[in-house]
Amino acid sequence: MRTIVVTGGATGIGRATAERFRADGDEVVITGRRADVLAKTAADLGVRGVVCDATDPVQIERLLHELPEQVDVLVNNAGGNTDFGRPDGDLEQLKANWLANLEANLISAVLTTTALAPRLTTAVVHLGSIAGARGPGSYGASKAALALWNADIAAELGPRGITSNVVAPGFTADTEFFRGRLTDERRQTLLQATLTKREGQVEDIAGTIHFLASPAARHLTGQVLHVNGGALITR
């Protein structure tokens, strides 16, 4: 039985990932900021929930006391586009908006991975985005930075036999990403951009994350795997 830590594990892709590993009989710890949502998901899935804001070093230090000395897999799922709901404004506001996305999507992964690195045994998987390859704005930039930093941490962890990869979803249904702002027109545009003409499902992303933590992926590291139905084709 392995120990899996999934940040932002209470909803959407994080919840689906926790459920996928739990189905293997793994011990799963999910983290998140909302205690009530976290507790419900933990109870539903039979996993353990620990309240932790992945951008807060103090809370991450407390998290370490809740975890075993060995953590096999870390899934850095916490994050999202913090521009939703934030006002436009002057340069000070612009700076705050950019820093918010960098904290949520890059710094959270850097802090959590660094804190858990001495305990890791197998794999780290970071949640990227199609936006990291084609924008827009501070959200895309933060995911692009995550992909670049992944190469660095893969080199650092590789000699210990630990892999590090990014899974970059395209449009994925049944998440909180758009925070209720996704119009039917925009939804159709995103759907038609795919080659498969289907919406991504949280299980698609969870399955890819699960694969990257499996024995079949032991020689796969430092990569960005795009899971977007062909909306973005890479070579």
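Helices, meaning DSSP runs of H or I with at least four residues, and strands, meaning runs of E with at least two, are numbered here from the N terminus. By that definition, the protein has eight helices and seven strands. Its radius of gyration, taken over C-alpha atoms, is 17 Å, close to the 18 Å from the globule rule (2.2 Å times the number of residues to the power 0.38) for 235 residues, so the protein is as compact as a globular protein of that length.

Before I continue, please note that this is a predicted model, in which local features need pLDDT of at least 70 and side-chain atom pairs count only at pLDDT 80 or more, while totals for chains, interfaces and linings use all residues. Residues are numbered from 1 along each chain as its sequence is written, and side-chain values use heavy atoms, with hydrogens and water left out.

Of the 235 residues, 46% are buried, that is, under 20% relative accessible area with a 1.4 Å probe, protein chains only. Among contacts with a separation of 6 or more, 70% are between residues 24 or more positions apart; contact means heavy atoms within 4.5 Å.

Let me now turn to one residue, His126. Strand E5, residues 120–127, contains His126. Is His126 buried or exposed? His126 is buried, at a relative accessible area of 1%. Beyond its neighbours within four places in sequence, His126 is in contact with several residues, including Asn76, Trp149 and Ser164. With Asn76, the His126 side chain forms a side-chain polar contact of 3.1 Å, where a polar contact is a pair of N or O atoms within 3.5 Å, one able to donate a hydrogen and the other to accept it, and residues adjacent in sequence count only if both atoms are side-chain atoms.

Terms used: Buried < 20%, exposed > 50% of the residue type's maximum accessible area, 1.4 Å probe, protein only.
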